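Let's take a friendly walk through a few contacts in this model. Have the sequence at hand as you read.

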Amino acid sequence: MKSKKLIGVYTGLLIIAVATMIMLWRLKTMSKAEVLPRDYPEIKKEGVLRLVTEYNQSGYYVAGDTIEGFQYELSQAIARLSGLEVQTLLEMSLAESFNMLEENKCDVVARNIPITSEIKEKYLFTEPIVLNKQVLIQRTEDANNGLKPIRNQLDLAGKTLYIPKDSPAQLRLQNLGHEIGDTIYVIEDELYSGEQLAIMVAKGDIDYAVCDQQIAALSQKQLPEIDIKTDISFTQLQSWAVRKDSPLLLDSLNSWLDQIRKNGTFDKIYKKYYK
């Protein structure tokens, strides 16, 4: 049974790699006309809204013969409201997603992005889409030879924690190290997302990882070996981002998201992935 689960996991990783290569090829072959600066009027004229998200259950993923993902389903609800075609680009790195936004290769970074004062100086953000926080991923007592999970953040002293590259957990863990007066070793993984790091914890390849609570909760449904009950950060507001020169697009996105909330679509999508 466990081997079948791991086969499924590695199949998923292969899909991610192939999908990423395809999306990178698409970006490289974009014509000059497709990367000109634009706000909502230009988007409406073309009839296409381009967004970038990550390949996982929170963003976009292939399940059998269907496409699913929290951000993907939200974008499709927006497509139905706006009449726009929504094209989805895939990029695991948050920093590279912002580069794509700045280079006008996409119009929206559709990820659960924590809003900080520093990042607000560079981009415009939609009204908060979700509340999220960073949690510690570790093995359960039963899956870890009877070793109890860490519950006190003081016990992270001297431990090595893995995070996805560009994760907002990096700054929080630096501050936490100062708070507890000891060193927390942090390794930014350039290849793997929070979901994939959770798999590595479950398999015993690594002992600890940190990622968004929503990602962790989705992972736990498939990986009962992991424990996600220890918080690393406080709850944060998270939103989508657009360029500073796209205020009309921001207004439109906020309007569509408000309608999606009022008609009950948002709750249905949220409960499907996070409840």
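The report below covers a helix pair, a strand residue and some aromatic rings.

This is a predicted model, in which local features need pLDDT of at least 70 and side-chain atom pairs count only at pLDDT 80 or more, while totals for chains, interfaces and linings use all residues. Residues are numbered from 1 along each chain as its sequence is written, and side-chain values use heavy atoms, with hydrogens and water left out.

**Two crossing helices**

Start with helix H3 (residues 70-82) and helix H9 (residues 247-262), whose axes come within 10 Å and cross at roughly 100°. That makes H3 roughly perpendicular to H9 (the term covers angles of 65 to 115 degrees). On the H3 side, Leu74, Ala77, Ile78, Leu81 and Ser82 take part in the contact, and they meet Leu253, Trp256, Leu257, Gln259 and Ile260 of H9; contact means heavy atoms within 4.5 Å. The residues of this contact divide into 8 nonpolar, 2 polar and no charged.

**A glutamine in a strand**

Next, look at Gln138 in strand E8 (residues 134-139). Is Gln138 buried or exposed? With a relative accessible area of 2%, Gln138 is buried (buried means under 20%, exposed over 50%, partly exposed in between, with a 1.4 Å probe and protein chains only). Leaving aside residues up to four places away in sequence, Gln138 touches several residues, including Pro149, Ile150, Arg151, Tyr208 and Ile226. A polar atom of the Gln138 side chain lies 2.7 Å from the backbone nitrogen of Ile150. Ile226 is 88 residues from Gln138 along the chain, yet their C-alpha atoms are separated by 5.5 Å.

**Aromatic rings**

The structure holds 10 aromatic pairs; rings of Phe, Tyr and Trp (its six-membered ring) pair if their centres lie within 6.5 Å, and planes under 30 degrees apart count as stacked, over 60 as edge-to-face and the rest as tilted. Here are two of the pairs.

| Pair | Centre to centre | Angle of planes | Type |
|---|---|---|---|
| Tyr60 and Tyr72 | 5.4 Å | 90° | edge-to-face |
| Phe70 and Tyr274 | 4.9 Å | 50° | tilted |

Tyr60 sits in the loop between strand E1 (48-53) and strand E2 (61-63), and Tyr72 is in helix H3, 12 residues apart. Tyr60 counts as buried at 15% relative accessibility, and Tyr72 counts as buried at 18%.

The other pair links Phe70 in helix H3 to Tyr274 in helix H10 (residues 265-274), 204 residues apart. Phe70 is buried at 0% relative accessibility, and Tyr274 is buried at 11%. Phe70 and Tyr274 also belong to one aromatic cluster with Phe266, Tyr270 and Tyr273.

Methods. Axes are lines fitted to C-alpha atoms, for helices over the stretch in contact, and angles run from 0 to 180 degrees between N-to-C directions. Helices (H or I, at least four residues) and strands (E, at least two) are DSSP runs, numbered from the N terminus. Angles under 35 degrees count as roughly parallel, over 145 as roughly antiparallel, 65 to 115 as roughly perpendicular and the rest as oblique. Ala, Val, Leu, Ile, Met, Phe, Trp, Tyr, Cys and Pro count as nonpolar, Asp, Glu, Lys and Arg as charged, and the others, Gly among them, as polar. A polar contact is a pair of N or O atoms within 3.5 Å; within protein, one must be able to donate a hydrogen and the other to accept it, and residues adjacent in sequence count only if both atoms are side-chain atoms.
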